[in-house]
Amino acid sequence: MRRQWPANKQDGCFKREVSYGSNTLCSKPSFSVYIHWPYCESKCTYCNFNKYVNPKDPPHDRLVKAMTTELEYFLNDPRYGLKDRKVHSVYFGGGTPSLAKPSAIHAILETIRKQVGLADDTEISMEANPTSIEQSKLKQFKQAGVNRLSLGIQSLNTHDLKMLGRDHTGEEALKALSVAKDIFHKERVTFDLIYARPGQTTRDWERELQQALDIAGDHLSMYQLTVERSTPLHKQSLKGLLPSMPDPDSAADMYEATVRIAADYGYHHYEVSSYAKRQQAISRHNFSYWQGMDFLGIGPGAHGRLTDIHENQRVRTFGEFHPDKYMALCEAEGEGIRKIQPISMHDMAEELIVFGMRTRMGIPRSRFSKMTGGAVLDQVIDTEALKLFMEANLLVQEDAMTNDLSCFIAQSQVD
């Protein structure tokens, strides 16, 4: 890459009056909120996220108080100018946020509503597992304000679910999906599946995928399994206690089968792991990450990306990892941040390129320029490498969006 960035930061995108969909970057663009609930009933064997096994007596009220305190701190901090900006989306992730009491979800949303407001059409998503205990609370979560549910199904094969450390069966997954669609309606329910699991063949995956698509709503996410170092799954694999992992060619076959079969069922492949039947089903929250929008991260280990308007500088925030340390820090300081790191224009440009290439929308030149202080995409990217990828039909260059779903993303997801 040739790195040609504006030398004068005052000419950057945070000082210029530039279009950002229906907003301008200086006229209060929208931002998203991520809430991290750190507790799970058990740890999945493949997971390396910041999560902790639910204590016998979880500090529920103390954690909620810490989160609402941190929300109030950031939403009122003049450095970030969030007070009068529109909330684009709210996402409860984890961990397992559906282990929280519905009253916790309500308290957190009420804090956001009182401080900055929540529009009626704001996407408010929550992750949930398909256990019977969590199923019983779904109606209460909707009453608390959640309007989109993401079920962590991962597989419909009970044997593989045990191998992955999941605490539900394939039958429970099917039941939970049915209950969720009744409560939230099919266009507001999504679920995750993992493929390229130990011992899985392409034909195994095709059969399971077709079964899942027969019962899916308007959105689902499908990920290739990554065996992360130091996870139980990695250790079991090293000891030869698992069936062989699919080789790279087999995993690629599964990916191509996923794209092909999902298209046969009417799903648009709008991001590398995400599929939607309709424009309204696209995950607005995830798209805010990929488009480089600001997002506020709340909770133990939560990450955020904000604009410090006083310093004319984008920054990353990193929450204190352990729940006890996080809660103590919030009680002492009003926020639970362990580190704030500036983001250079160079890093922001690279991030926009990498994230843009995850999506069907790609990297719009005008948007790239606006968010990098005037950098020109064609002067930043390696044009020789780009040419090779285009000749191999791995990348395309379009003057205008030709896919209806892509047009929607380009025009609507930026607010």
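Visitor: Are Arg148 and Glu123 buried or exposed?

Guide: Both Arg148 and Glu123 are buried; that word means under 20% relative accessible area, with exposed being over 50% and partly exposed in between (1.4 Å probe, protein chains only). This is a predicted model, where local features need pLDDT of at least 70, side-chain atom pairs count only at pLDDT 80 or more, and totals for chains, interfaces and linings use all residues. Residues are numbered from 1 along each chain as its sequence is written, and side-chain values use heavy atoms, leaving out hydrogens and water.

Visitor: What joins the side chains of Arg148 and Glu123?

Guide: Side chains of opposite charge can pair when their charged atoms come close. A salt bridge is a side-chain nitrogen of Lys or Arg within 4 Å of a carboxyl oxygen of Asp or Glu. Arg148 and Glu123 meet in one, at 4.0 Å from N to O. Arg148 lies in strand 8 (residues 148–154) and Glu123 in strand 7 (residues 123–128), so the pair ties together parts 25 residues apart in sequence. Strands (E, at least two residues) and helices (H or I, at least four) are DSSP runs, numbered from the N terminus.

Visitor: Which residue forms a salt bridge with Asp160?

Guide: That is Arg197, with the closest N and O atoms 2.9 Å apart. Asp160 sits in helix 5 (residues 158–163) and Arg197 in the loop between strand 9 (189–195) and helix 7 (202–215), so they tie together parts 37 residues apart in sequence. Asp160 is buried at 9% relative accessible area, and Arg197 is buried at 1%.

Visitor: How many salt bridges does a search of the whole structure find?

Guide: It finds 17. Arg85, Asp294 and Arg314 are linked in a network of them.
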